[in-house]
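This report walks through one protein model, from its elements to selected residues. Keep the structure open while reading.

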Amino acid sequence: MTLQFPLPNVPLAPRAPSILLQPFGSLFTLTLFCLIPAASAVAAAPASNSVMLEELTSSELRSRIDHGATTVLVPIGGVEQSGPYIALGKHNVRAGLLARQIAQKLGNTIVAPVVSYVPEGAISPPAGHMRFAGTISIPPAAFEAVLEGTATSLRQHGFRDIIFLGDHGGYQKNEQNVANKLNRAWGKASAAKDARAYALLDYYDITQSQYIADLQKRGYSSAEIGLHAGLADAALMLATDPSLVRSEAMAHGPKPGVADGVRGDATRATAELGQIGIKLQVDTSVAAIKQLLQRNK
């Protein structure tokens, strides 16, 4: 049914063609006719099953929180050089993909957008990764302020367990600082004593302990596993997004060294080796989060 609304009584000469009324009336009616089915389509749109906050509408997220999805992961990446064969977005991509897997395994968990800007060292004069093109660094205080604002926003919307997942070793202490600060503040706030922030250090630590040990058991040396952009790093990247690894160049090109921003030898890295690390990170994180949630029930 098309709704009709009376139009203003505009005086017109008798028998004169209604050059104003008819076109406007038709346009008005047509507009309403078009709007009604559009509104119905919006109301009938199926809700997304995604765990990624950015892929949900506000009303979908509201419903998910109201129905128990009160845990949120805040993946933290970074934009830094990893030598000539691994793309600058390594940490951002890995953090987002792994957080999605962790949330799917946990259930009732949402993944916030990846925090991409992190401390990477002095800018001028440049230090560490900042000596290489593409690295973006912000001051530690600014980074902690971003984490604090993010967690506070999520708490405001009804999340009760807010968990930082950092893919880079350099800012793990900053995550802990922010979680401690928020918990002190929230503990004093009578309105939301049940909200807590966590720095899940297990997510990163497992890549520096058991994953390295597993690679060594398979015959890979510490020198090639490396500390940055070596075999371990490249394998994790191949297992998450191989398009970010220049595999052909890595296999046949010159071997980069410390002067190129690389510590390790990624020549023998494979996606299969990376899957070992990914599984460790996901399973370890899921188990640790379940323990945290159980402990603070």
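Helices (H or I, at least four residues) and strands (E, at least two) are DSSP runs, numbered from the N terminus. The model is predicted: local features need pLDDT of at least 70, side-chain atom pairs count only at pLDDT 80 or more, and totals for chains, interfaces and linings use all residues. Residue numbers start from 1 along each chain as its sequence is written, and side-chain values use heavy atoms, without hydrogens and water.

**Overall**

The protein chain holds eleven helices and four strands. Of its 297 residues, 42% are buried. Buried means under 20% relative accessible area, exposed over 50%, and partly exposed in between (1.4 Å probe, protein chains only). A contact means heavy atoms within 4.5 Å. Among contacts with a separation of 6 or more, 74% join residues 24 or more positions apart.

**The sheet**

Four strands form an open sheet in the order S2-S1-S3-S4, and the pairing is parallel. Strand S2 (109-111) and strand S4 (196-199) are the edges, each pairing on one side only. Neighbouring strands are turned by 20° against each other on average, direction ignored. Two strands pair if DSSP finds at least two bridges between them. Strand S1 (residues 71-76) and S2 run parallel and share three bridges. Leu73 has Val111 in S2 as its bridge partner.

Helix H3 (residues 90-106) has 17 residues. At 1.5 Å a residue they should span 24 Å, and the end C-alpha atoms are 24 Å apart, which agrees. The expected span is 1.5 Å times one less than the number of residues. The buried residues of H3 include Leu98, Ala99, Ile102, Ala103 and Leu106. Their cover includes S1, S2, strand S3 (161-166), helix H6 (202-208), helix H9 (231-240) and helix H11 (271-295). Gly107 follows H3 and has a positive phi, near 75°.

**Helix H9 and its neighbours**

In H9, ten of ten residues are buried. They pack against H3, H7, helix H8 (222-225), helix H10 (247-252) and H11. The axes of helix H7 (residues 210-217) and H9 come within 11 Å and cross at roughly 100°. Axes are lines fitted to C-alpha atoms, for helices over the stretch in contact, and angles run from 0 to 180 degrees between N-to-C directions. H7 and H9 are therefore roughly perpendicular to each other. That label covers 65 to 115 degrees; under 35 is roughly parallel, over 145 roughly antiparallel, and the rest oblique. Tyr211, Ile212 and Leu215 in H7 meet Leu231, Ala232, Ala235 and Leu236 in H9.

Thr109 is found in strand S2. His228 lies in the loop between H8 and H9. Each side chain reaches a backbone oxygen, as tabulated. A polar contact is a pair of N or O atoms within 3.5 Å; within protein, one must be able to donate a hydrogen and the other to accept it, and residues adjacent in sequence count only if both atoms are side-chain atoms.

| Residue | Relative accessibility | Backbone oxygen reached |
|---|---|---|
| Thr109 | Thr109: 4% | Gly107, 2.8 Å |
| His228 | His228: 10% | Gln81, 2.9 Å |

Which residues does Thr109 touch, not counting residues up to four places away in sequence? They are Val51, Ala69, Thr71, Leu73 and Ala103. With that same exclusion, His228 touches residues including Glu80, Gln81, Lys90, His129, Asp233 and Arg263.
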